[in-house]
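This briefing goes through a single protein chain, topic by topic, for a reader who has the sequence and the coordinates at hand.

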Amino acid sequence: MKKSLVHVLSGLKHLPNRSPEMAFGDEANEAFAEVAPYRDGAVYVSYYSGSSEWERHPNGDEVVMVLDGTTTVILLKNAGEERYFLAEKELVVIPAGMWHRFEGSERLMVMTITPQPTEHSLETPDA
């Protein structure tokens, strides 16, 4: 199925103050969109500034590619937090089952290929 990424991105509204504790209401929903189903998950895009909660995907790797803006992706490993600063056209592959989050995102427009299910945590989980 062919989808226009430009069309989907043009429909997103910037979410200016994303926080881990945020209850995703109507405003937040307009900052996130599914582009197309893929395997047991989907290709998603989002557009926000701020930080996210911890999450992980036990059934597969997640690909995260910055389309515009900047962010720091934090991976939780046995030795602690490993940080990756990402800017436009940079990507990281997050291994299956690894807890991660986004911090200090500035007008981040990001595309992810995300397997399901996704687990979330507000508290720092055990690595």
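Does lysine 89 count as buried, partly exposed or exposed, and at what relative accessibility? Lysine 89 counts as exposed, because its relative accessibility is 64% and the exposed class begins over 50%. The model described here is a predicted one, and the points below move from the whole chain to single residues.

**Overall fold and dimensions**

- The protein chain has two helices and nine strands, and, read from the N terminus, these elements follow one another in the order α-β-α-β-β-β-β-β-β-β-β.
- The radius of gyration of the protein chain is 14 Å, which agrees with the value near 14 Å that a compact globule of 127 residues would have.
- Taken along the principal axes, the box filled by the C-alpha atoms of the protein chain is roughly 40 × 30 × 30 Å.

**Burial, contacts and surface**

- Of the 127 residues in the protein chain, 43% are buried.
- When contacts in the protein chain between residues at least 6 apart in sequence are considered, 71% of them join residues at least 24 apart.
- The protein chain exposes about 7000 Å², of which carbon and sulfur atoms supply 51%.

**The aromatic pair**

- The structure holds one aromatic pair, formed by phenylalanine 32 and tyrosine 48, whose rings are stacked with 6.0 Å from centre to centre and 25° between the planes.

**Backbone features**

- Lysine 89 has a positive phi of about 70° although it is not a glycine, and this residue is placed in the loop between strand 6 (80-86) and strand 7 (91-94).
- Arginine 107 also has a positive phi, of about 45°, without being a glycine; arginine 107 lies in strand 8 and counts as partly exposed at 44% relative accessibility.
- Glutamine 116 and proline 117 are joined by a cis peptide bond with an omega of about 5°, and proline 117 is located in the loop between strand 8 (100-114) and strand 9 (119-121).

- Glutamate 30 is found in the loop between helix 2 (26-29) and strand 2 (32-38), where its relative accessible area of 38% makes it partly exposed.
- Once neighbours within four places in sequence are left aside, glutamate 30 is in contact with Gly11, Leu12 and Lys13.
- The C-alpha atoms of glutamate 30 and glutamate 103 are 20 Å apart in space, while the two residues are 73 residues apart in sequence.
- Serine 4 is found in the segment before helix 1 (5-10), and serine 4 is partly exposed, with a relative accessible area of 38%.
- A distance of 9.8 Å separates the C-alpha atoms of serine 4 and alanine 36, which are 32 residues apart along the chain.

Conventions. Residues are numbered from 1 along each chain as its sequence is written. This is a predicted model: local features need pLDDT of at least 70, side-chain atom pairs count only at pLDDT 80 or more; totals for chains, interfaces and linings use all residues. Side-chain values use heavy atoms; hydrogens and water are left out. Helices (H or I, at least four residues) and strands (E, at least two) are DSSP runs, numbered from the N terminus. The radius of gyration is taken over C-alpha atoms; the globule rule is 2.2 Å times the number of residues to the power 0.38. Buried means under 20% relative accessible area, exposed over 50%, partly exposed in between (1.4 Å probe, protein chains only). Contact means heavy atoms within 4.5 Å. Accessible areas come from the Shrake-Rupley method with a 1.4 Å probe; for residues, only the protein chains shown count as cover. Rings of Phe, Tyr and Trp (its six-membered ring) pair if their centres lie within 6.5 Å; planes under 30 degrees apart count as stacked, over 60 as edge-to-face and the rest as tilted.
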